[in-house]
Amino acid sequence: MRNWGVEQRGREFSTFYTASKDDCLRIVLVNVGDRQLAEDLVAEAFTRAWTSWRKVREHPVPRAWVVRTALNAHVSWWRRRRRELTVDDPTAFTGLEDSHLAHSADVDLDQALVAALRRLPLRQREVITLRVFFDLDTDATAKLLGISPGTVGAHLHRALATLRAQTHSFSDQEVTS
Amino acid sequence: MNDDDMLAAMRSSLTRTKDALSHVRMGQRPEAIMARARGRRLRGVAGVGTGGLALAIGVALSLSGGTSAASGDQPGAPSRSSGSRAVHVNLAAWSVNTSPDGVVEVTIRELKDPAGLTKTLADAGVPVVLTSGHVCSSPDDKLQVSEVVHKLPGDGGLAMAIDPEAMPAGTELVIGIGTLHVGGIEDGPAAALGLEKKGSPLNCPGKPKAND
């Protein structure tokens with residue numbers, strides 16, 4: 001009986017992972033802009049999701065839980081690695097990395113907007129991500145982040161003001177799209 | 001433009017951006033994620049925290065009787081192909097452990113005995129070219145190393161999970177181990193990874209030319 005429960009949970013998680021992993025990866029990639037880092041973060045988040053599967057499976061939006069966890073994942077060691085010389089020859093190292101986002105010709109980014117998003121403080125980025133990609137309202141966003149709805153509103157307002165200021169051209173043309 | 005308009009514009013633009021990434025896919029299988037969580041739980045049971053590296057080494061050594069151990073008949077381990085076997089080697093400098101689903105977890109704290117590490121990985125079904133202090137790569141086609149190696153976050157060492165079954169036939173991993181410097185301060189080992197066809201000529205810029 002116990003084994004059946006474990007197997008059932010494993011199947012459940014596998015189904016969830018298979019259905020969600022690519023979407024979560026793309027959302028995190030939009031946020032961080034580095035393919036390998038995004039994969040590391042999402043893998044870490046799904047690992048934590050499986051560890052806490054009883055809780056996560058009951059979450060109203062498990063994918064949002066995963067993305068939020070990924071953005072929060074403390075991967076300081078690996079994140080520092082990206083910024084600094086890793087081995088004696090940094091150019092060789094760069095050659096081994098693949099960053100599809102940076103090099104893909106088919107990705108038509110609004111680069112100013114995405115760049116501005118990535119410069120936002122983590123909490124503001126979380127709010128934008130949950131509101132934009134998961135269409136969560138203020139209350140649901142507040143619940144997921146463990147903060148008050150008023151604080152969500154304040155973060156959102158500040159984030160949008162920053163984005164507006166940094167992407168004038170985008171602001172001017174978006175209304176027609 | 002008010003906040004609602006701006007948010008709508010953000011939604012439109014970021015959704016387009018995400019949708020343009022349809023070629024980006026997560027390579028890891030669910031079994032690998034679950035195995036990683038299982039390994040973490042096991043390490044937790046052994047009392048190993050991120051801040052307890054010295055303790056971790058001590059535990060690993062005591063569990064293996066103070067020496068390395070390799071076995072091919074771990075209970076529950078899947079049968080492995082091409083002569084590879086489940087490997088469990090835990091040294092102060094590095095560890096290689098095959099999880100029940102065949103993923104090989106490697107932690108490098110110090111690059112000592114690279115020949116021993118190379119052989120241990122080969123025993124685990126992971127052919128590697130291991131270099132120290134410089135990175136080698138092939139000018140040939142780049143293969144998808146991200147589908148084979150997944151770096152594990154954590155402090156106190158370089159940790160990665162390697163899936164031998166995801167390696168295309170006739171390939172080998174090229175791992176360059178170096179020292180991470182943060183703001184000019186040495187901060188432990190780090191690696192650059194590549195997946196190359198076996199026997200491909202490798203460019204190794206920075207490699208000392210003496211004794212060639």
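Helices (H or I, at least four residues) and strands (E, at least two) are DSSP runs here, numbered from the N terminus. With that in hand, let us walk through this predicted model, in which local features need pLDDT of at least 70 and side-chain atom pairs count only at pLDDT 80 or more, while totals for chains, interfaces and linings use all residues. Residues are numbered from 1 along each chain as its sequence is written, and chains are lettered from A and ligands numbered from 1 in the order in which they are written.

Let us start with chain B. Its secondary structure comes to four helices and nine strands, which run along the sequence as α-α-α-β-β-β-β-α-β-β-β-β-β. Two residues are in contact if their C-beta atoms, placed from the backbone, lie within 7 Å. Among the contacts of chain B with a separation of 6 or more, 61% join residues 24 or more positions apart.

Now look at helix α4 of chain B, residues 114-123, whose buried residues are Leu117(B), Thr120(B) and Leu121(B). Viewed down the axis of α4(B), these buried residues fall within an arc of 100 degrees, so they line one face of the helix; the arc is that of the directions from the helix axis to the C-beta atoms. An α-helix has 3.6 residues a turn, so residues three or four places apart point the same way. The cover over the buried residues of α4(B) includes β2 (87-90), β3 (94-98) and β5 (128-132) of chain B. Just after α4(B), Gly125(B) takes a positive phi of about 90 degrees.

Chain A calls for a look at pLDDT, the predictor's confidence in each residue, from 0 to 100. Chain A averages 75, and 70% of its residues score at least 70. Over residues 74-109 of chain A, pLDDT stays under 50.

Finally, α10(A) packs against helix α11 (residues 149-166) of chain A at an angle of about 100 degrees, with their axes 8 Å apart. That makes α10(A) roughly perpendicular to α11(A), a label for angles of 65 to 115 degrees (under 35 is roughly parallel, over 145 roughly antiparallel, and the rest oblique). Among the residues making this contact are Leu145(A) of α10(A) and Val152(A) of α11(A).

Definitions and conventions:
Buried ≥ 20, exposed ≤ 12 C-beta atoms within 10 Å, placed from the backbone. Axes fitted to C-alpha atoms, helices over the stretch in contact; angles between N-to-C directions.
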